[in-house]
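Biologist: Could you take me through one part of this model in close detail, and then show me what surrounds it? I'd like cut-offs along with the terms, please.

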Amino acid sequence: ATVDPTTLPLISTSLHPFHPATMSPQSLLLAILAIASYSASAFAPVTPYTSKTSTTTTQLQMAEEIKAAPMVTGEQLETMLQEWDTPLVVDAYATWCGPCLLMSPEFEAAAKDLEGKVRFVKLDTDLEPQMAGRLGIMGLPTLLFLDKNDDMEAVEQGKAPMAVLKERIEGALRKDSIVDLANYHFFGGPMPTQLS
């Protein structure tokens with residue numbers, strides 16, 4: 001049996017005041033905008049909260065604290081470059097960069113493999129443009145392999161920086177290549193013949 005939709009009664013407007021057939025175009029548009037703004041609020045950034053010890057933090061920072069390769073600010077990176085304890089690998093990235101996002105789990109896995117021997121950190125170039133400029137970041141992602149300057153006399157006299165750039169790599173790498181490069185630059189391992 002075929003039903004003719006023109007013969008079906010409309011749903012009572014007293015029960016459904018927001019039915020599109022009973023609303024003016026302006027009211028319908030306002031309802032759509034209200035729904036869209038309410039839905040968009042689900043994607044709003046997480047706001048900071050204060051813990052019982054009155055320390056303000058965000059969920060993102062809490063998640064970064066447990067990572068082997070945490071996100072750092074320009075100020076934190078500057079401190080690391082002055083107070084040297086272990087070799088350092090910096091991943092300069094951006095959240096909108098596809099290759100950066102693909103390399104992120106590989107970088108984290110390399111950090112876990114070399115935990116305690118090499119320090120791995122991530123620097124968001126969009127949040128830290130001044131530090132990215134100082135480091136000469138031109139392409140993303142960029143990996144910086146930094147080690148302590150062996151010429152302590154020059155460092156103490158202010159003639160040389162505390163950190164020495166061993167290598168700069170632009171482009172995404174897999175975990176094995178990152179580990180191989182760290183072993184080569186920091187522990188006298190063989191020079192990697194192929195990077196992927």
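Biologist: How many of the 7 residues of strand β5 (residues 142-148) are buried?

Modeller: Happy to. In β5, 6 of the 7 residues are buried, so the strand is mostly covered; buried means under 20% relative accessible area, exposed over 50% and partly exposed in between, with a 1.4 Å probe and protein chains only. Bear in mind that this is a predicted model, in which local features need pLDDT of at least 70 and side-chain atom pairs count only at pLDDT 80 or more, while totals for chains, interfaces and linings use all residues. Residues are numbered from 1 along each chain as its sequence is written, and side-chain values use heavy atoms, with hydrogens and water left out.

First, the setting. The chain holds 7 helices and 6 strands, which are DSSP runs numbered from the N terminus (helices H or I, at least four residues; strands E, at least two). Along the sequence they follow the pattern α-β-β-α-α-β-α-β-α-β-α-β-α. Of the 196 residues in the chain, 33% are buried.

Now to the partners of β5. Strand β3 (residues 88-93) runs antiparallel to β5, and 5 bridges join the two; two strands count as paired if DSSP finds at least two bridges between them. One of these bridges sets Ala 92 against Thr 142 in β5. Strand β6 (residues 163-170) is also antiparallel to β5, with 7 bridges between them. Here Asp 147 has Val 164 in β6 as its bridge partner.

6 of its 6 residues are buried, so β3 is largely enclosed by the rest of the structure. Leu 88, Val 90 and Ala 92 lie on one side, with Val 89, Asp 91 and Tyr 93 on the other, and both faces are covered. β3 also pairs with β4, this time in parallel, through 6 bridges. In that pairing, Val 90 stands opposite Val 121 of β4.

Leaving out residues up to four places away in sequence, Leu 143 touches Val 90, Asp 91, Met 103, Phe 107, Glu 167, Arg 168, Ile 169, Leu 173 and Ile 178, where a contact means heavy atoms within 4.5 Å. Leu 143 is also among the residues with the most contacts inside the largest nonpolar core, which has 19 residues; others in that list include Val 89, Phe 107, Phe 120, Phe 145, Leu 173 and Ile 178. Helices α4 and α7 and strand β5 each supply at least two residues of this core. The largest share, 5 residues, comes from α7. Apart from this core lies another, of 17 residues, including Leu 77, Val 90, Ala 132 and Ile 137. As for the term, a nonpolar core is a set of buried Ala, Val, Leu, Ile, Met, Phe, Trp, Tyr and Cys residues joined through side-chain atoms within 4.5 Å.

That brings us to α7 itself (residues 175-187). Its buried residues are Ser 177, Ile 178, Val 179, Leu 181, Ala 182, His 185 and Phe 186. The elements covering them include β5, together with β3, α4 (98-113), β4 (119-124) and β6. With 13 residues at 1.5 Å a residue, α7 should span 18 Å, and its end C-alpha atoms are 17 Å apart, which agrees; the expected span is 1.5 Å times one less than the number of residues. Just after the helix, Gly 188 takes a positive phi of about 70 degrees.

The whole structure has 5 salt bridges, each a side-chain nitrogen of Lys or Arg within 4 Å of a carboxyl oxygen of Asp or Glu. In one of them, Glu 106 meets Arg 174, with the closest N and O atoms 3.8 Å apart. Glu 106 belongs to α4 and Arg 174 to the loop between β6 and α7, so this pair ties together parts 68 residues apart in sequence. Asp 113 and Lys 175 form another, at 3.1 Å from N to O. Because Asp 113 lies in α4 and Lys 175 in α7, that pair links parts 62 residues apart in sequence. Both ends are partly exposed: Asp 113 has 45% relative accessibility, and Lys 175 has 23%.
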